[in-house]
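Here is a short briefing on a predicted model.

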Amino acid sequence: MHDKGKITAYQMALMIYPTIYATAVLMVPEITGQYVGRDSWAAPILGSLNGFFTAYVLYKLHKMYPNESLIQYSKHIIGPFLSKILGLFYLFFFLYMCGFILKEYSFFIGISLLPKTPMIAIIGSVVIMASLAITGGVEILGRASQLFVPIFILPIPIFTIMLLKDLDPKNVLPILEHGLLPLLQGSAAPQAWFSEVFLISMFLPFLKDPEKGLKWSFISLFAVLLSLVSLNLLTTFLFGEMTASYTFPVFKAVRIISLSDFFEHLEAGIITIWILGAYIKITVFYYALVLGTAQWLNLSDFKPIVLPFGLLISLFAIWEFANLQEQFEFSKFIFPFYVPFMLTVLPTILLIIAKIRTRNTMKKEPPRISNY
Amino acid sequence: MFRILKKRPQKQHPYEGRSNRNLPLSSELDKNLQILKSIYMGCIDVIYHPFLIAGKTKALLVYIDGLSDTEQIDSSVLAPLMSKTIDKSITLQGTCEKIQLSNIRVVKTYDDCIMNISNGNPILLMEHEEQGAALGLAKWEKRSIKEPESESVIRGPREGFVETLGVNISMLRRKIRSPNLKMKKMNIGSYSNTSVIIAYIEGIANQSLIDEVQNRLQKVEIDSVLESGYIEELIEDNVFSPFPQLLDTERPDVASANLMEGRVVILVDGTPFVLIAPVSFFSFFQAPDDYYQRYLISSVIRIMRLFFMLISVFLPSLYVAVSSFHQEMVPTILLLSMASLRESVPFTALIEALIMEIVFEALREAGLRLPKQVGAAVSIVGALVIGQAAVQAGLVSPLMVIVVAITGIASFMVPRYSEGIALRLIRFPIMMLAGTMGLHGLVLGFIGIAIHLCKLRSFGVPYLSPIAPTIGREMKDAFIRSPWWMLNTRPHLTGRFNKYRQAPNQQPKPKK
Amino acid sequence: MNETLFRIMKALLAFLLVLSQCLLLTGCWDNKELNQLAIIVGAAIDKEKNNKIKLTVQVFLPQSQSGGQQSGSGKAQVEIKSAVGTNMADAASNLQREYSRRLFWGHCKTYIFGQSLSEIGNLERQIDFIDRHPEPREDSRLYVSDGKASDILQLSPSLEKYVGDVLRKMSEMHVGANITLKDFELMVTSEGGGAILPLIKIKHQNNDDRKMNVSPIIGGTAIFMRGKMIGRINEVESKGLLWVRNQNELPEITGYPKKGQTISLYLKRTKTKLIPKIEKGKWSITIYISKEGMIVQNGSKINIMTKKNTKRVENYIEKDVSNSIEKALNQVKDGMKVDPFGFATAFHRKYPKEWEKVKDHWEVVLPDIYVETKVKVHVLEPGLSTTTLE
């Protein structure tokens, strides 16, 4: 074990919630809006099915190899050589995702808070803060999310209440005007985000109460589902068909909050709170990358590679996309296939192989621990 | 105490500690006298009083002037021993029986003698005896018990610890009369030889915690311990943190309450401040009054304290961020008047805030050290300089003065000085961050502090408990103070070994 | 020991270095001090020759208050300047050449468009700046001026500090239509494409034609079809239009029982429902309007304390309400063939399939739609007196 810390399933659920939700809240309403317009609230419901499935698959795998992460136990399933290649895939994927999230983060902060600040300063400062938490190990991540996530969730009900007078529920009518096909297209993006629940495979081995792992993953997914549906409803109630024409619909919604003359223009404050969630997301992926690398290389400690990888993900973040349009296009057309392939399809294949192997070994020779 | 003298071989350390004087006493009185005199060479306050027991046996009484009760020496020791009725061939044992004292111990080595003499216990040595007697006649001038100035309360006991260890122990014992209140004594300081006591309640405090405290104290090798602060820095978990990881208090009631929650109290001779371990961030926001006043009021006040704690850390940074980055956040009318007020200020908001906050800190520090009469003058001058002249001169905006004033007041709402000053310090880096990156910088500062606090531990207890890690049932005494009839269990992390502190269902209800 | 000391020193040094960097870096990047900003509190956009626009802004002039002895706030000083450009961003950048401080749009909540500019159409191309640029707000209010928009900004109102504030507060009080940027966008992109903006006029006081203490007033409504202003209606018709849109106007309604007699109701609650119906290819829509209120003036001989008479009073007021609605429908639906009422949306929601067929020639279908107005007024209270002095 590279990290001696222990977390509870509840802490893991709190980590997973912003891991999916923090960036989904930025991009998903726009992308689903493009396809399904005023039915965008239904898209996350369909999309979440993939999340529940992924969580189930990874939990099953975890049950078979309780003390290891996917990077480690894949060698029991597909042999050491193939598993190293698979591990490399995953590490590259994590690296890519870290860059993706950081880029999105810096774009958003750049648009909303700090238009002139160089991207490297925004990315660098967040990466330094993230590495600070990661050197503390999984325990610190768990505690930090217990501290930040409640603050992160709080604004959602508050600003819904503040917007109540501007909402027009009739905007969702007519429901499913153009049939189910656009809905299926629209749910492609949310399901990609939901498949990020894969990250539980990095945390399940650290659980104090592993039997609750699946339950809390599901609760976390359900919370994300609820938040996404309610936010999509909110933006539809507010903007109707216009939702898809805004880059960040939720951000636009926050901008029109005005309660008496004094409580208006709250968006900077709400972004500030959103940063807490985005920070957890960055930290979780960064941690998965660093821990995965340590496991892949059989290092005894992951701490020495935290900072070098921080540099690497900062570089990835700067290189990945030239502009926000490119990132949106990627999120719309490639992300929905790329991410679920890595995070859902591959683990499912692993599970099937593992099941077949155990059945075969059961038949041939009774219980034998694999000696790879 | 001899543990200190055992040098661990692996330690390559220039520190010598004390030279070994662990020699047994000689049976020749003259030799003993000679050695003692050589040890106390140059110490003019040591008094050697040779006399004859029953006019025959040679004896010697050694003590330090001013540390022992000379009247008692004359009446209870010398008078009975010098009377002619005593048997001529008396042994030490017999002599001790004749002395009209309750507290007599036998000493066998020079080191023992020195210890006792230094503590004020006169040593009685006799010819042909290889041991002496230490007479418990220590008595010196003590400060009387007064109300602690740093922790005054509206309601609650008015007594505070004093500089004398024995008095402090007696104060604790008067509060907790159970024999389960145990104390372990050790001496730290090769020159000062200060008594340090670990107090705990057997059956409530975790044994491993007691062992850990003892272990850490035993590792301390230092010349002198003049205040508990010396020890605090040598036994805390994270030495690079501005946050205190042990609670210091002057109040016996606070110490006793913490004992009852399974914590360990470390008393140090020579200071009224005792240390309490382990503590969490929220311990520093629990004033003693909280538990004596009505719970509703205490809860509201405690929430206010935490809220103002946030204000004291983040308000100046918020001002900087909003007035120089996010002007759209301010309501239009306020912004327009802010713009008018700031029009002639030559500095950026950050510099303005830094100047004012630093001046405020300087004023606070200056006022702290000065005698009361002068301190008042300083505060008047400060108020005039900051409040009026600076604004009139156009150096700072009136709004900044308001911000500094609120920050100042807010920072004094933290009941513990050690925590308050830490929080006051960290607002400077956050101000800088806010001045560089606006709210983004501010929230990064918040994250940095939060992560640091998440990493901190005080004797193995997470510093931010019970919110990170979240322990739901512990919230009853963190943000609010639940009524006593709900505080049935001790805090989980320190008191789980003896969970219940009172019978359940004690909420007063009308009879059915 | 020395090593640890060295480590602490190194950490401290690094920390100080970072902090000093922070200090040095302020002033770069996004740091913008309040006294480096020219805060715009109102903007007007007019048509210019050669397809250009003229942007006029009202900039707040902060008065230095060092000394703090000055007497109160007085009137805020504003300065008005304008520049010509091909679009708003261009004009704004031309305007910037005239200011020593950076123009700041974050508190500009009033945008007035000149009538001539609105009538060319493609107003949404100018509005795009307000929508896309991060500084201007979504809750800014849009207006159309009767005549040149820049003239409105020249006024110096007596109660509020600047014109923008006057207009915004009037809108918030529901004098005329209360249309924010977001509302306008929603209307323009809605099925019908009809939109409205409040129309501002300048009202000169009698015997005083100086610019001082002249207030802008909201007099009627400009009717838009997808970013092109095609007509205007007066205050009474606007009231009807807004009621159909389920929006409030000023809460007083007056009915006329007989010639020379009046009775006024202060509305407390008002609600509108549009029920579309398609029967045998015939499109019709019913407007259900219910209003509740309190009598605030009885200038008639009716004894309002009886149930029967209350009904009568309700009828008179209902008549007045449906009267203004009829006028609005006549003017806008039949005259201009525009649908700012939300009929199209109502049809779309209830009959999506039928809507699909007509959506491309809605303006042809619209005048043929039969509209029925059903008004229900409910008098809740008689006010504080029961009888009149008569």
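B:R457 and A:E139 form a salt bridge in this predicted model. Their closest N and O atoms are 3.2 Å apart. The rule finds one salt bridge across the interface of chain A and chain B.

**The interface of chain A and chain B**
- Six residue pairs are in polar contact across this interface, both residues of each pair at pLDDT 80 or more.
- On the side of chain A that touches chain B, the elements giving two or more residues are α1 (9–36), α4 (80–112), α5 (119–134), α6 (138–153) and α13 (267–296) of chain A.
- α6(A) gives the largest share of that side, eight residues.
- The residues on that side of chain A divide into 21 nonpolar, eight polar and five charged.
- In total, 34 residues of chain A are in contact with 26 residues of chain B.
- The area buried between the two chains is about 2,600 Å², and carbon and sulfur atoms give 72% of that area.

**The sheet in chain C**
- Four strands of chain C form an open sheet in the order β10-β11-β12-β13, with mixed pairing.
- Its edge strands are β10 (252–255) and β13 (370–381) of chain C, each pairing on one side only.
- From one strand to the next, the twist averages 40°.
- Strands β11 (residues 262–279) and β12 (residues 282–299) of chain C run antiparallel and are joined by 17 bridges.
- C:T270 has C:K291 in β12(C) as its bridge partner.

**The helix across the sheet**
- Helix α9 (residues 307–336) of chain C lies across β10, β11, β12 and β13 of chain C.
- This helix runs at about 145° to β13(C).

Methods
Residues numbered from 1 in each chain as written. Chains lettered and ligands numbered in written order. Predicted model: local features only at pLDDT ≥ 70, side-chain atom pairs only at ≥ 80, totals over all residues. Heavy atoms only, no water. Pairing = 2+ DSSP bridges. Axes fitted to C-alpha atoms, helices over the stretch in contact; angles between N-to-C directions. Contact = heavy atoms within 4.5 Å. Buried area = accessible area lost by both parts, 1.4 Å probe. Salt bridge = Lys/Arg side-chain N within 4 Å of Asp/Glu carboxyl O. Polar contact = N/O pair within 3.5 Å; in protein donor to acceptor, adjacent residues only side chain to side chain. Nonpolar A, V, L, I, M, F, W, Y, C, P; charged D, E, K, R; others polar.
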